[in-house]
Amino acid sequence: EAALQRLREVFDIEELPPDVLPRKKPPQFMVDLFNKVADANGITRAPGLLEGDVVRSFEDRVHVDQFRFYFDISAIEKGEQMLKAEFRVFKLKGRRVARRSDLQHFCKVEVYELLEGGSKPQKKHLIASRLLSLYAEGWEVFNVTQTVSKWVGNSNSNHGFLITATHVFNNRIEHNLVTFAKSQGNLQESRNALLVLFTNSNKRRSSSFVPSSTSKFTQHQLSSRTRPRAAAVSSTKSQVTACHRRELYVDFHAIGWSGWIIYPGGYNAFYCRGSCLFPLGESQNATNHATVQSIVHTLKLSQDVSTPCCVPDELKSLNLLYFDDKENVVLKNYKDMVATRCGCH
């Protein structure tokens, strides 16, 4: 139990989310973003692909009004730094109306922040506007960073967004010309409006998670690929094996987390094992300090100097796509989670 609690701390999970998979589907935008920044095992493809280290998505919670959108952003943590906020809506094809000239193929779409609640709010503040073709279909993305930053600072000021479509030809507001997709059962779930927040967690997470090979936790709860052959190697043989990297598969299904982690199903953290005896070869990626230490140890120049340690000297970050405890989909980047190289230090 203590080991699982520690693992939750490493992954920055305060409350264990409920099992929502496979009942609930993640927004396609978040799945595509995960695939852009990470490989199938969740390992970061290249640095700098993600703005910040956390991306939170919130689905629209208004189902009655076609032009009002509300997002519950209370899952944002204290100290989280907002970098960018995007309001993503899917514009459906406009209905063709008879006897319209070519001038009317466009309409002006305006996004407002609602400044009051209630069933028919009047006060609103214009955030963005653009001309859109009546007959085009697809995602429209509006930058709403300033507005959402205000909501993060004061949750009571969040009354949501309103979209209006003004007919360009005679400036009459005709709501029925353009509509935006709303969640209607499974049919348009992937087109439901999203508020996407890019943030920095500003948390000092554990610098690395590479458990020792001897811990019971590693063998029984993390690794589903325990190799009997590896365990059967005699102690004398393992003492002379040079420092090298070995597999350590973290299986989220075995831990009981597969009901809310979307991707990956698990990952290879790897760990380092072996001796750092003199002379240290190039393959052992030894530091100058470790080389001197191994010489001092070999020559017995000091009684209490041990051999250098075999540890990870290059680590990569891991990305997790998961449902949080409020069923919002989150993409989070964790630094120093995968040992890509071992060395004597």
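**Entry 1: the whole chain**

Among contacts in the protein between residues at least 6 apart in sequence, what percentage join residues at least 24 apart? I looked this up and got 74%; a contact here means heavy atoms within 4.5 Å.

I note that this is a predicted model, in which local features need pLDDT of at least 70 and side-chain atom pairs count only at pLDDT 80 or more, while totals for chains, interfaces and linings use all residues. Residues are numbered from 1 along each chain as its sequence is written, and side-chain values use heavy atoms, with hydrogens and water left out.

I checked pLDDT, the predictor's confidence in each residue on a scale from 0 to 100. The protein averages 81, and 81% of the residues score at least 70. Over residues 206-239 the pLDDT is below 50, yet this stretch has 55 contacts in the model beyond near neighbours in sequence. Where pLDDT is low, the predicted coordinates should not be read in detail.

I listed eight helices and 15 strands. These are DSSP runs numbered from the N terminus, with at least four residues for helices (H or I) and at least two for strands (E).

Of the 345 residues, 44% count as buried. Buried means under 20% relative accessible area, exposed means over 50%, and partly exposed lies in between, with a 1.4 Å probe and protein chains only. The accessible surface comes to about 18,600 Å², of which 50% belongs to carbon and sulfur atoms. Accessible areas come from the Shrake-Rupley method with a 1.4 Å probe; for residues, only the protein chains shown count as cover.

**Entry 2: salt bridges**

I used this rule: a side-chain nitrogen of Lys or Arg within 4 Å of a carboxyl oxygen of Asp or Glu. The count comes to 14 salt bridges.

I looked up Asp60 and found a salt bridge to Lys182, with the closest N and O atoms 2.7 Å apart. The two residues are 122 apart and link distant parts of the chain. Asp60 is in the loop between strand E1 (54-59) and strand E2 (68-69), and Lys182 is in the loop between strand E7 (161-167) and strand E8 (194-200). Is Asp60 buried or exposed? Asp60 counts as buried because its relative accessibility is 3%. Lys182 is buried too, with a relative accessible area of 5%.

I then took Glu110, which forms a salt bridge with Lys108, the closest N and O atoms being 3.7 Å apart. Glu110 has a relative accessible area of 11% and is buried, whereas Lys108, at 35%, counts as partly exposed. Elsewhere, salt bridges that share partners join Glu51, Lys84, Glu86 and Arg88 into one network.

**Entry 3: strand E3**

Why is strand E3 (residues 81-91) largely enclosed by the rest of the structure? It is enclosed because eight of its 11 residues are buried.

I traced its partners, taking two strands as paired if DSSP finds at least two bridges between them. E3 and E8 run antiparallel and are joined by seven bridges; Arg88 stands opposite Leu194 in E8. E3 also pairs with strand E6 (residues 138-143) in the antiparallel sense, over six bridges. There, Glu86 has Asn143 as its bridge partner.

**Entry 4: an open sheet**

I found four strands in an open antiparallel sheet, in the order E2-E7-E4-E5. E2 and strand E5 (124-133) stand at the edges with a single partner strand each, so one side of each has no neighbour in the sheet. E2 and E7 pair over two bridges, and Phe69 stands opposite Phe161 in E7.

I also looked at Gly117, in the loop between strand E4 (106-114) and E5. Gly117 is partly exposed at 37% relative accessibility. Gly117 and Asn158 are 41 residues apart in sequence and 8.7 Å apart in space, C-alpha to C-alpha.

**Entry 5: a surface patch**

Which residues make a nonpolar surface patch of about 410 Å²? I found Phe278, Ile295, Leu299 and Leu301. Patches are made of residues with over 30% relative accessible area and no salt bridge; like charges are joined within 9 Å, and nonpolar side chains (Val, Leu, Ile, Met, Phe, Trp, Tyr) within 5 Å. Ile295 lies in helix H8 (residues 288-298) and is partly exposed, with a relative accessible area of 33%.
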